[in-house]
Amino acid sequence: MKNLIYSIFIISLISSCDIIEEPYINNNGGGVDTSSNQYVKNILIEDFTGHLCQNCPDAARELEAIHDVYGAQIIGLAIHVGNTFARPYPLSQTKFTYDFRSKWGEELDNFFNITDAGLPKGMINRIGYPNDHRKDKGQWLSSVGDELSKDVIFGINISSTLLTDNAEIIINTDALKNTTGNYKLVVCLTENGIINWQKDGTLEDQNYIHNHVLRSVISSTWGDEVTLDSEINNGDSFEHSYSINLSDLENFNMDHSANVLFQGNGQAGDWDINNFGIVAYIYDNDNYEIIQVEQISISTK
Amino acid sequence: MKKILFIVLALSINISFIYSQERSLPNIEVKTLDGNSFNIQELENNNNPIVISFWATWCKPCKKELNNIAEVYEEWQEETGVKIIAISIDDTRSMSKVAPYVNSSDWEYEVYLDSNSDLKRAMGVSTVPHTFLLNGKGNIVWDHRGYIDGDEDELYEKIEELGK
Amino acid sequence: MKKNVIILGLLFSYLFTNGQDLGEIHGDFNLNLQSYLEDASINAVAADEVIRNNSYLNILFTRNNFTAGVRYESYLNALLDYDDDFKGNGIPYRFATYSTSGLEITAGNFYEQFGSGLIFRSYEEKGLGIDNAMDGIRLKYKIGNGINLKTFIAKSRTYFTYADGIFRGIDAEIDLNQAMNLTSKTKYILGGSFVSRYQQRSNPLFELPQNVGLYAGRLNLINGGWNYFGEYAYKINDPLNSIQQENVNYASGSAFTSSLTYSKKGFGITAEIHRADNMLLLSDRDRIGKAYILNYIPTLSKPHAYSLLALYPCATQAMGELGFQLDIFYKINKGTLLGGRYGTKLNFNVSRINGLNSGNSFLNDNQDHTPILISVIDEELYYSDINLEINKKLNKKVRYNLVVANQTYNKDFLEGKTPGEYGVINSTIGVLDISYKIKKGHSIRMELQTLMAKQLETASKKEEGDWVMGLAEYTISPNWFFAVQDMYNYGNEDVSKQLHYINLNVGFIKGANRFEIGYGKKREGIFCVGGVCKLVPSSNGLNFNITSSF
């Protein structure tokens, strides 16, 4: 009996320790998809954040690092939400007076209950809804890995023409498989390179660069039907078009901040159209999972 | 027919209820202040009553209860032969303070350590203080939660009742 | 129908004439209800559902050597100081245990602690909303001759689901005097434990250990009034699953705790030291939050029961801290000048916790840092506390508790704020707690507390400043208590925050049932047990609590 106990002890000692030796960096997987397929499975990482959230820049950097490894398949969307971390300081103050929030960001937060669990939190293609969709930044890498192995169902093409203040956006969706389901298309406007205050760890960074910030959702928050047919066949094509006026959208945000959002101060403007992008994604209405996403920069011709 | 069934059912439920009213100590081990293991089922006091009181060094009402009883403990023992067992639920944070506190307070109780709350859980204790009274056969006959100045009088009444 | 009656009758008569032990069923119940009203002055947010509740019912069945238990928990919705993931109802805890000839087998949920908990502790602390019960198989075996063995393989509970890691553990404790038949007056108890976590992950840039092992060894020496306990723990590399080089740390972790106690009649002294470096064990390495912490490094500071003494509590830094604590208990004998008629009890306590030299151990291709073992003077102070408690009975009717303390609290670091935002607060605190026995069964207790705060460095945010607190509690043994308390923040630099936090409480206790109803305003604060803390949002409303056991 004693021998049995000792052997169990020794076996568990030997078998349960993985000590890793230097060097630690080791390119042993992942990487950009170099297949010649026209469409690949893209992943939307919705990074819920706020300028008063000290731990959030670390999550944003994790997103960038994942993008560096996997390339264009990773599309990030920074959604500033919540009274605790994203509210602006009053205009009498000298920092954190910008309001990054938006009506659509707040709607997403209310539905998916993100800020209730604290920030930073992300959703990776919104998998895991309803109990496990809020992912800590430590889980993003493994969730991305899981998603990349899934099949591509749709291919999305975005084109846009911008004439001064007006833009015409056309989304072409190609079905790559036979599928049934209720799919919806959501189209968002994002802005890169917004330089403004951000708490970063123990610092307050005046010149932090905020990237892919959600500015507006030009379809509704919950999107438009991809098609009214319940059966979709390989090769089917669908077109959606949207006309927008950028000044109107900017004014809407400023108005919404001043009149609706908690302690909003109207400072939601100063948009730089040269840094804008369009993100379009299709999700399954039954489980909210995003099954394809695409992004382009808006052209200023 | 249904009536007979009902009577049989009611009778047996009543009887099984009486059976399960007897409450004994669980089979759980605690540690003595000397580091030995002690199974709580081994508590015995020559057929005299036993009082088990759950306390902690950070619990003010617990300390108040045990200090108030300490003043009259000798009398209680002479009159009824009762033995008081103080089970400390202090975890690693304050466990090392139990012996110095007990000794400097001059307690004559038997003190045991239940540092991961195993006994506390097995006896259904959720907050401390919680005091149990055992009769001479080792069955729990009364328990009380919390402590208010003067509660020791009620406890003593219950102890005396056992002697009659 | 007649046949059924006969069968049932036979069954029941068998049951009660058999004379065998039917087994016992016991349990306990707890309901906590709180209403949240909006209160702009303290930033209290109203809850959409107005009232929120936490409740549970525990049922235990025992018969001879067999025990089984179930716990039903209900959060509809959970109180605001609990993690948001506590949602809905369920039975997250159920187990069956059987013991025979020294071997105890548990299947299902169990709580367990190895040694002092440095490498493994699974426990529940309902006040914090922590319950990381293990779910699996556990064996406890008394080999005999003072050798005890414990082993398990299980997953850890988080909320109503499980954390990703699979845990295997084994712990052995040997009472050397018994095992080797020593006749020494000194008792030697040796213990060793090993825990390993398996979690699958893949990372394109870094090779991550799927099995992370932790080892610990402990020694307990007891001789008369002397007691020494020491434990050393070691954890192999346990890096985060991240793509950023700066976040990936291959350094091993270590911790030790050491305490020496001496006590005799009327006197006791305890001296403790502990150090933790990169020693956090998470049930899921990718997650953040106290629900995932599976080891226990308690904070080396005195757990204070009075509200102003616990206004700024210390949270343990399992990633890196060095702490010391000294406690002296002394009873001045009765009949002496200072002792008075009944004697006077004194408790002197001093503790100090600071950071490690340049942070915790860090190792990867770019960095290699190991902090010095013991470094106190130049390191960042996290928390320090020096206090004296005097406990005295004046006469048959009056007794009092007097506490004077001075605490230093590094609010910026301990609460994770930007340095310079709130600074380091030094507070001098006085507490006077007097009980007066009016007549048999009727007592009144009054507390007066004061806190004078001083900022040690300038802070950008307005200081919370000084506080004063008063409490009056009237109790009628054995059933009733009534209490009213007011905490007044008269010294707040922000005039709009110089508020009174008034609370009224009424309670009724009968046997094992307790009912309490309270109403009032609560300050936003931190509530800690053992160094693990939760944030309690400010609230204004009614709270109702029922506790019962059968």
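User: Where do I start: when are two residues in contact?

Analyst: Two residues are in contact if their C-beta atoms, placed from the backbone, lie within 7 Å. Before we use that, note that this is a predicted model, where local features need pLDDT of at least 70, side-chain atom pairs count only at pLDDT 80 or more, and totals for chains, interfaces and linings use all residues. Residues are numbered from 1 along each chain as its sequence is written, and chains are lettered from A and ligands numbered from 1 in the order in which they are written.

User: Thanks! Which pair of chains shares the most contacts?

Analyst: Chains B and C do, out of 2 pairs of chains in contact. There, 47 residues of chain B meet 68 residues of chain C. α1(B) gives the most to chain B's side, with 8 residues. Helices (H or I, at least four residues) and strands (E, at least two) are DSSP runs, numbered from the N terminus.

User: How far apart are the closest C-alpha atoms of chain A and chain B?

Analyst: They lie 21 Å apart, and no contact joins these two chains. Chain A does touch chain C: 39 residues of chain A are in contact with 37 residues of chain C.

User: How do I read a helix such as α5(B)?

Analyst: Start with its span. The expected value is 1.5 Å times one less than the number of residues. α5(B) has 13 residues and reaches 19 Å from first C-alpha to last, close to the expected 18 Å.

User: Which residues of α5(B) are buried?

Analyst: A residue is buried if 20 or more other C-beta atoms lie within 10 Å of its own, exposed if 12 or fewer, and partly exposed in between; C-beta atoms are placed from the backbone. In α5(B), the buried ones are B:D151, B:E152, B:L155 and B:I159. They sit on the same side of the helix because they cover an arc of only 95° around the axis. That arc is taken from the directions from the helix axis to the C-beta atoms. The cover over these residues includes β4, α2, β7 and β8 of chain B.

User: Is A:H212 buried or exposed?

Analyst: A:H212 counts as buried, because 24 C-beta neighbours lie inside 10 Å. B:N46 also has a positive phi, about 55°, without being a glycine, but B:N46 counts as exposed, with 7 such neighbours.
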